[in-house]
Amino acid sequence: MGRVRLLFVAAAVGCAVAAQTVFQHTGTTLLLGGLPYFVPPTPVSQIDVLAYDVLALVDQNGGLSSGFVPISVIPSGNTEFGDSALAATVQAWKEKDDVWSEAFLKGECPWIYIAYNGSQDSPSVSLTDESKEGYGIQLALRAASYSGGVDLSSPLPSGPYFLDPLSGNVFEAYRLYDDENQAFLYSTIPDDSGGYEVLSAKVPGAATETIGVPSRLYFTPTPEHPLAGMRFAVKDIYDVQGLRTGCGNRAYWALYPPRTQTAPAVQRLLDSGLVLVGKTKSSQFANGEVATDDWVDLHAPYNPRGDGYQDGSSSSTGSGTAVAAYPWLDFAIGSDTGGSMRGPAGANGVFGNRPSHGAVSLDDVMPLSPALDTAGIFARDARAWTVAGHWWYQNFTAYSQFPQNILFPVDSFGSSYLTHPPADGTAAATFNNFIQKLEDFLRTTRTEMNLTSLWLETKPSNVSSPLSEMLNTTYPVLITTDQTSLLAEPFFADYAAAHEGRKPFVDPAPLTRWTYGWSLPASAHDEAIVNKTTFMDWFAREVVRGGDPNTCSEGIFLYPQSSGRTTYRNAYSGPPGTPFGFSSGRIAVFAETPDMVVPIGEAPYNSTITGKTEYLPVTLSFVAAKGCDLMLFSLFAALQDAGVISPVSTGSRVFGGS
Ligand SMILES: *[C@@H]1O[C@H](CO)[C@@H](O)[C@H](O)[C@H]1NC(C)=O
Ligand SMILES: *[C@@H]1O[C@H](CO)[C@@H](O)[C@H](O)[C@H]1NC(C)=O
Ligand SMILES: *[C@@H]1O[C@H](CO)[C@@H](O)[C@H](O)[C@H]1NC(C)=O
Ligand SMILES: *[C@@H]1O[C@H](CO)[C@@H](O)[C@H](O)[C@H]1NC(C)=O
Ligand SMILES: *[C@@H]1O[C@H](CO)[C@@H](O)[C@H](O)[C@H]1NC(C)=O
Ligand SMILES: *[C@@H]1O[C@H](CO)[C@@H](O)[C@H](O)[C@H]1NC(C)=O
Ligand SMILES: *[C@@H]1O[C@H](CO)[C@@H](O)[C@H](O)[C@H]1NC(C)=O
């Protein structure tokens, strides 16, 4: 007892000096109307409490339990703000935003702040008592653009805020969401120095990560900021200033400090007005991992489709799953070296693309193989996806006309659905019906082609092997020789230096691949590049030519991406191997072309988990000539406008049961 007292005295002596360094405010979590919110530590504006006694007003109205007053900032150019203006605002905000809710006008002492921007000196708020009581509004403040107003230290965009009546500080409102599908590594909010920090909040009672999102009402899209207020998440292989990059490996995450700059590809998206809400899980070092047994360091995200226990593919698993699961998220970015965008887009039933190689800078992004690495974006809505694509891939030309040449492969490279058809053949019918609609839209008919025989007929004379042989080891040679030299070796050396010569833990999938890479002769990489280039040149010459002045690509090459087959996450899949072989998914990888995944339907299956019929996504891949990405984006927007494709829903069903 005595000792505690002594400590107390000692602490009190140092109080004035030490308080600032000991305490750091990390924000506040609270519930409003039953919904969880986060109040960040740093205010965005302030009401002058000396000129305007906010606290007295609060006390008059029975005091506060939370320490904050909810405020709705409503812009108005009208001299009078009445019931109908309030009703119209409530209606519009409910439709537009998930952060503001009517609870901001109800309950404990809620205020509205009319941000009056007109020229009259005597605007008035004329809410009837009925309207005030209906909402429980205690007070309507008005902006200071006239003599009777209440000033804010800096103007605020419309939307919900929290006011601390003691200090007059006004804070933004973040709605908190539970990452039920475990797609995220963590949530982010802007720090005070141009970067980001990890959100410190938690949804009360949640057992998984919490993601915070700011009100959409704070943002207004403009031509300079076309995606303002929309939200995105970033696969944890992209550097963001202030945050660590973990690449799906715990030792790697812990070893390297927070990054000091943001990858240019991410910065370009931030420049569009997009709001970064978190980092999503990557399978380890962006290598292929199958749920659940390959995922040793991280737990695999839960694909929401079907019974909720299907593999979400990899490596951009968290990004694909997050877009499929969460209506409050608009986009997530991932990467594709050998299928890491297209696999998760297919399994999770969302739009997702591998762009032409070189479409955006990959500086400050973890490498798998620089000759093959690309950056893609997941979305649920083709129109929004198109806007994001045109912004991100700014160096490509936009097109509004589309090719009339549809190519569909018939050999085994063509499809998983031909070699592994689902029991009832639904997916095959879905593909055929969709391609018929596409034929009608483009006023053309498909050309079926056999790549195997076309290659044998038209391959360069100095190559004798069939495609399946020339390209069998090309992919594993490139990724394993590149990733061992660019990542594994420096990582092992840095880790050993920091841990008295110890090795870091590495998941079985990347380790198996790296071991293969270390076994190869030094000449293998150059040989693989020759084979890749041979295929790329052939594909651009004999299969899909570019350079069309009106449509960029002379044709569109289609192949089935996912066909509703099950891969249960509770099934043991055996040890990981080296990804040998050639398939249609490798075409864009070697040919450097775009390959864009579009959800077109669902296939039923009898779930061993639920004992009921459930549905999994059916998706189609669209390949065009290199650099023709924006033509494909515009095609998808046009197809959505024409009702040939539709936005996808979140949750178990891709098309919401319709
Ligand atoms: C005033 O605010 C209203 C509502 O946001 C807006 O429609 C109007 O354009 C603004 N007027 C001026 C002069 O800024
Ligand atoms: C795209 O164009 C911008 C602006 O000209 C340039 O800064 C950037 O380096 C280019 N990016 C790529 C990947 O070529
Ligand atoms: C494609 O061509 C190869 C080589 O000529 C042939 O063996 C195969 O049967 C063909 N596939 C189909 C589906 O026609
Ligand atoms: C085949 O010849 C072309 C043109 O001379 C050359 O670029 C390519 O590397 C050669 N391919 C092989 C496998 O030797
Ligand atoms: C591909 O390479 C692996 C490993 O060398 C070999 O086992 C397999 O038979 C090869 N497949 C083809 C089609 O050449
Ligand atoms: C390159 O192609 C030749 C056949 O043309 C094949 O024997 C060799 O294994 C291939 N190597 C790689 C690394 O792709
Ligand atoms: C599900 O099981 C029922 C009963 O065995 C069968 O009739 C039906 O075809 C199955 N459905 C699918 C999609 O496999």
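This is a predicted model: local features need pLDDT of at least 70, side-chain atom pairs count only at pLDDT 80 or more; totals for chains, interfaces and linings use all residues.
Local features need pLDDT of at least 70 and side-chain atom pairs count only at pLDDT 80 or more, while totals for chains, interfaces and linings use all residues. Residues are numbered from 1 along each chain as its sequence is written, chains are lettered from A and ligands numbered from 1 in the order in which they are written, and side-chain values use heavy atoms, with hydrogens and water left out.

The model holds one disulfide (a pair of cysteine sulfur atoms within 2.5 Å). Cys552 and Cys628 form the bond, with an S to S distance of 2.1 Å. The pair is 76 residues apart and links distant parts of the chain. Cys552 sits in the loop between helix H16 (524-543) and strand S22 (556-563). Cys628 sits in the loop between strand S24 (613-623) and helix H18 (629-641). Helices (H or I, at least four residues) and strands (E, at least two) are DSSP runs, numbered from the N terminus. The S-S torsion is about -80 degrees, so the disulfide is left-handed.

Both partners are buried: Cys552 has 7% relative accessibility, and Cys628 has a relative accessible area of 1%. Buried means under 20% relative accessible area (1.4 Å probe, protein chains only). Cys247 is also buried, at 1%.

A residue counts as near a molecule if one of its heavy atoms lies within 4 Å of it. Ala, Val, Leu, Ile, Met, Phe, Trp, Tyr, Cys and Pro count as nonpolar, Asp, Glu, Lys and Arg as charged, and the others, Gly among them, as polar.

Oxygen atoms of ligand 6 make polar contacts (pairs of N or O atoms within 3.5 Å). The side chain of Thr474 comes to 2.8 Å. The side chain of Ser465 lies at 3.1 Å. Met470 contributes a backbone N or O atom at 3.5 Å. Taken alone, ligand 6 exposes 360 Å², of which the protein buries 73%. Accessible areas come from the Shrake-Rupley method with a 1.4 Å probe.

Around ligand 2 stand Gly358, Ala359, Val360, Ser361 and Asn395. A polar side-chain atom of Asn395 is 2.6 Å from a ligand 2 oxygen atom. The protein covers 35% of the 360 Å² that ligand 2 has on its own. This shell has two nonpolar, three polar and no charged residues.

Key: Buried means under 20% relative accessible area, exposed over 50%, partly exposed in between (1.4 Å probe, protein chains only). A polar contact is a pair of N or O atoms within 3.5 Å; within protein, one must be able to donate a hydrogen and the other to accept it, and residues adjacent in sequence count only if both atoms are side-chain atoms.
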